[in-house]
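Here is a short report for a first look at this protein. Keep the sequence and the 3D view open while reading.

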Amino acid sequence: MQVNPVVKKDLKVLSRSMKLAWAVFAFEAVLGIIFMFALTVMSLDFDYNYGYADNYSSLQAMFPIIGGVEVGIVALIMPIMTASSISGEKERQTFDILLTTPIKTFSIIVGKNISAVLRVMLFIVASIPLMAVAFTIGGTSWLYLLVYLLEMFVFATFAGAIGILASTLTKKSITAIILSYVMYGFFYGITFVPLIFASILDGVVGDMEVLLVFGMFFLMLNPVFHFVELFFIMFNDGDGLVTELTDMPAFFNDIIWLIVSVIILIGLSILVMYLASRIIDPIKAKNKKVNTYVG
């Protein structure tokens, strides 16, 4: 199987240093501290007059707690990891050399993104023993853990694509990181606009059920809401927040919503990476200059 050369090079360079090992250690240390703090808080509510299941059933909440913290950490570190991928090459004056290789620009963008995603997924996989506490006591299907890992992969890919797009638009890494955070905030915020309008106007100008349903469809573009929906499905016997707040079509339940939203995010990530590859394409840039001179 042929491996993307950019991914192969980045992983080789990273594996030769202790940075990755220390990063995993720091990540697990933070999660461990949060885990012990949450466990201490939960132990205060234990009723030791009842059986084992009554005492430890609240530990099922450890999965959304640890999972939510990981989502926040990934959202913070992905811009740092990907926003400097192209701008960093420009700062080191190696970007032109990279473009002279036979690797296509789209492969370069995909390789930069995948190498960052694989590093992030290494952190997530290393935290599975902590999250598995919620599954060892029963009551929660292990399938949700696999769905969570898939969601994290899609989320990291999309976040990395946004970061790389910001990196192609700037020449400085600091500027790219700031721009990526701005793009994140704008994108995540705008996906809630229809839902906010529906909530405000509901009962004031009439029934806003149609706009509310449209808002839930629009939230398919919001990766963070995917995890909220997943956690609701886990602890409500398959009933998520989407169908609880709106009258969705009969054929469109929470599971279908989650599957369709994942497919949409994968397609959107590919589109963003393709746009980034077009921006750094030297042939396109050359043709643009020629057209400018001719005009």
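Predicted model: local features only at pLDDT ≥ 70, side-chain atom pairs only at ≥ 80, totals over all residues.

Begin with α1 and α7, whose crossing is right-handed. The contact draws on both helices. From α1 come Val6, Val7, Lys9, Asp10, Leu11 and Leu14. From α7 come Ser107, Ile108, Gly111, Lys112, Ile114, Ser115, Leu118 and Arg119.

Helix α1 covers residues 5-15, and helix α7 covers residues 105-126. Their axes come within 8 Å and cross at roughly 40 degrees. The pair is therefore oblique: roughly parallel would need an angle under 35 degrees, and roughly perpendicular would need 65 to 115.

Is asparagine 113 buried or exposed? Its relative accessibility is 0%, so asparagine 113 counts as buried. The cut-off for buried is under 20%.

Which residues does asparagine 113 touch, leaving aside neighbours within four places in sequence? Its contacts are Met78, Thr82, Ala156, Thr157, Gly160, Ala161, Ile164 and Met273.

## Two exposed loop residues

Now move to the loops on either side of α6. Lysine 104 sits in the loop between α6 (95-100) and α7. Its relative accessible area is 64%, so lysine 104 is exposed. The cut-off for exposed is over 50%. Lysine 104 and serine 277 are 173 residues apart along the chain. Even so, their C-alpha atoms are separated by 8.6 Å.

Glutamine 93 belongs to the loop between α5 (85-91) and α6. Glutamine 93 is exposed too, because its relative accessible area is 69%. Look at its backbone as well. Phi of glutamine 93 is near 60 degrees. That is a positive value in a residue other than glycine.

## The whole protein

How many helices and strands does the protein have? There are 17 helices and zero strands. The protein has 295 residues, and 43% of them count as buried.

Finally, consider the surface. The protein exposes about 15900 Å². Carbon and sulfur atoms supply 71% of that area.

Note on methods. Residues numbered from 1 in each chain as written. Heavy atoms only, no water. Axes fitted to C-alpha atoms, helices over the stretch in contact; angles between N-to-C directions. Helix = DSSP H or I, 4+ residues; strand = E, 2+ residues; numbered from the N terminus. Parallel < 35°, antiparallel > 145°, perpendicular 65-115°, else oblique. Left-handed = near helix turned anticlockwise from the far one by under 90°. Contact = heavy atoms within 4.5 Å. Buried < 20%, exposed > 50% of the residue type's maximum accessible area, 1.4 Å probe, protein only. Areas by Shrake-Rupley, 256 points an atom, 1.4 Å probe, with all protein chains shown as cover.
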